[in-house]
Amino acid sequence: MGLYLLDYGAGNVQSLANSLKKLGHEFTWISTAEDFHKATSLVFPGVGAFESAIERLTSRGLLEPLREYIQSGKPYFGICIGLQVLFESSAESLTARGLGIIPCPIERFNDNDKAVPHIGWNSAELLDPVDKSTEEMDSTVHYYFVHSYNAKYDPEKYPDAAQWAHTTTQYGQEIFIASVCKGNVFGTQFHPEKSGEAGLKLLDSWLSKSESERASAPLTPRIVRQPKPKDGLTKRIIACMDVRANDEGDLVVTKGDQYDVREKAAPTTTIAKTAGAVRNLGKPVSLAARYYTSGADELCLLNITSFRHSPLQDQPMLAVVRAAAECVFVPLTIGGGIKDTVDPDGTKRSALEVAGTYFRAGADKVSIGSEAVYAVEKMRAAGNGKGDGTSAIETIAHAYGRQAVVVSIDPRRVYVNAESNVGETHGVPNADEIVHGRSDGPEKERGKAWWYQCTVSGGRESRPLSVVQLAQGAEKLGAGEILLNSIDRDGTGLGFDLQLIELVKSKVRIPVVASSGAGSKEHFVDVFGKTDVEAALAAGIFHRGEVGIGEVKDALKDSGINARS
Ligand code: 1PR
């Protein structure tokens with residue numbers, strides 16, 4: 001069997017390996033130039049940034065063998081960067097050159113009318129639906145995309161590239177090539193290995209063909225047509241698991257009220273017995289598997305006590321990620337402790353190394369909390385509006401692409417008209433960051449005004465930084481997405497903090513995930529109906545089985561909000 005996967009030493013290649021194992025296909029890794037000669041089918045699961053991918057391929061002597069392999073006519077399946085590398089160049093890098101097999105540059109999405117990166121589930125429209133010889137794809141299903149750069153579908157400007165286009169996707173007003181298919185080459189901008197059952201089916205259909213069938217897509221000129229206008233991007237529903245060791249030392253999914261994860265003392269005997277114990281809502285891997293099968297668009301695992309010790313020594317959390325990645329075929333974000341650390345034996349580990357370990361275990365994105373606050377404070381103190389290149393956000397975004405870096409924000413309200421809070425703050429940053437309780441909001445908030453202060457270490461310490469300063473600073477340093485929690489709303493079931501979400505969303509161009517406070521399916525309809533947020537995350541209601549992910553999606557669709565089935 002000559003199926004090989006190209007591993008160029010960066011990115012989460014484990015996700016594809018897990019998908020192939022699940023589908024029962026055997027494969028071997030290619031990591032040296034000599035291995036190319038043995039391959040009779042090659043998959044290149046490129047994740048990360050274009051420049052660092054080309055640099056790594058070049059420094060390992062893999063770029064030319066890759067070109068020769070593709071030109072030999074043997075079957076090739078490129079994913080994301082594995083597709084982009086076929087093109088001439090990328091706006092992501094001034095110096096790195098692609099293979100130039102497809103004569104067209106890769107460009108950046110325009111962020112005037114939409115958040116960039118394009119993250120989420122979108123449809124891919126077949127350009128030639130009657131051509132049965134090309135790969136089996138379905139225009140009615142959604143595939144998972146995560147990228148800031150794309151190959152425009154523009155038959156007038158790039159007629160030769162249009163001949164390679166197999167499906168297109170629309171994001172905002174832009175139409176780009178979602179997959180290419182010509183001769184022995186197939187490639188997708190989306191991630192089939194992260195696109196749930198639809199993606200697994202696509203991979204299986206390519207892999208189940210004979211090698212000659214895989215290498216035989218039409219070379220004859222295609223009839224170039226303009227796809228129907230259709231922005232199929234869906235709103236994402238994310239299930240989040242806060243993970244920590246309980247008092248018995250077992251890793252459990254827990255859930256706090258305003259970040260307090262211990263059972264409260266109560267007058268009833270049963271609860272009184274457990275008062276003070278860490279709440280245990282289940283095992284991380286089995287909950288992750290359950291959320292995958294019930295239709296979660298993404299999963300998030302947060303190591304909430306990571307500030308206490310080194311994550312690279314925290315093998316149980318890595319084991320959780322590995323096991324979850326074997327049964328979950330949608331994106332997995334891992335947070336908690338993504339920072340420079342020192343192992344007990346004195347070995348220094350950079351944040352980049354820590355993130356790389358999680359990526360190789362199967363994570364698709366890392367989420368940075370406290371370290372993002374410190375990095376933005378440092379950048380603001382330097383006063384030149386840019387980072388020094390050493391922060392976790394910058395180093396990880398450079399190596400893996402900004403779409404792999406989420407910044408998790410834990411803001412707390414500071415009431416400016418409540419006497420008890422006056423004088424506690426570091427000063428209100430900007431008048432436009434003060435929000436006023438809505439007349440239709442919870443009663444206790446009406447008539448009050450507040451701003452949002454950032455915290456570190458899971459809300460234990462407040463910092464002299466507002467939520468807007470942190471979100472904008474993180475974006476500047478290279479974060480690809482904001483995970484916006486609310487300590488005030490966490491676990492309350494009062495609904496998302498719409499004012500917080502509107503405020504942050506209006507100040508950044510990267511996608512924002514609304515988090516904290518979901519208590520009913522209507523709260524999801526509210527957050528998507530009343531703000532432009534791209535995704536909503538919940539924990540408690542899903543863990544306790546109060547509302548199912550399917551019910552949330554049905555409620556969204558009933559309200560005319562695009563959701564993935
Ligand atoms: O600072 O980089 O080590 O990251 C620590 C991470 O752990 C941060 O993402 C931080 O938000 C998280 N974290 C730390 N302590 C807690 C805690 O709860 N005591 N959890 C914590 C954050 C918020 C969400 C929760 C939503 C939805 N929990 O994760 O899932 O609020 O909950 P709901 O739907 O039940 O309202 P670092």
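Two residues are taken to be in contact if their C-beta atoms, placed from the backbone, lie within 7 Å. This criterion is applied here to a predicted model.

Helix 3 spans residues 63-71. Its buried residues are Leu63, Pro65, Leu66, Tyr69 and Ile70. Viewed down the axis of helix 3, these residues fall within an arc of 160 degrees, so they line one face of the helix. Their packing partners are strand 3 (41-46), helix 2 (50-59), strand 4 (76-80) and strand 13 (185-188). Gly73 follows helix 3 and has a positive phi, near 90 degrees.

Cys181 stands opposite Phe186 of strand 13.

The chain is divided into two parts: domain 1 (3-214) and domain 2 (236-333 + 365-410 + 467-558). Taken over C-alpha atoms, the centres of domain 1 and domain 2 are separated by 29 Å. The contact takes 26 residues from domain 1 and 19 residues from domain 2. On the side of domain 1 that touches domain 2, the elements giving two or more residues are helix 1 (14-23), strand 7, strand 9 (142-147) and helix 6 (196-207). Helix 1 gives the most, with four residues. By class, this side of domain 1 has 11 nonpolar, 12 polar and three charged residues.

The largest nonpolar core holds 171 residues. Leu299, Ile393, Ile482 and Ala536 touch the most other members of this core. Both domain 1 and domain 2 give residues to the core, so it lies between them. The contacts of Ala536 can be listed individually. Leaving aside residues up to four places away in sequence, Ala536 touches Ile237, Phe496, Ala514, Ala518, Phe524, Val527 and Phe528.

Several backbone features lie in loops. Most residues other than glycine have a negative phi, and most peptide bonds are trans. A cis peptide bond joins Val116 and Pro117, with omega about 10 degrees. Pro117 lies in the loop between strand 6 (102-108) and strand 7 (118-123). Strand 7 is also among the elements that give two or more residues to the side of domain 1 that touches domain 2.

Tyr259 is not a glycine, yet its phi is positive, near 75 degrees. Tyr259 lies in the loop between strand 15 (251-254) and helix 8 (269-274). A residue is buried if 20 or more other C-beta atoms lie within 10 Å of its own, and exposed if 12 or fewer do. Tyr259 has 19 C-beta neighbours inside 10 Å and therefore counts as partly exposed.

Ser457, also not a glycine, has a positive phi of about 50 degrees. Ser457 is placed in the loop between strand 24 (449-456) and strand 25 (461-466). With 16 C-beta neighbours inside 10 Å, Ser457 too counts as partly exposed.

Terms used. Residues numbered from 1 in each chain as written. Predicted model: local features only at pLDDT ≥ 70, side-chain atom pairs only at ≥ 80, totals over all residues. Arc of directions from axis to C-beta. Core = buried A, V, L, I, M, F, W, Y, C linked by C-beta atoms within 7 Å. Domains from an automatic or database assignment. Pairing = 2+ DSSP bridges. Nonpolar A, V, L, I, M, F, W, Y, C, P; charged D, E, K, R; others polar.
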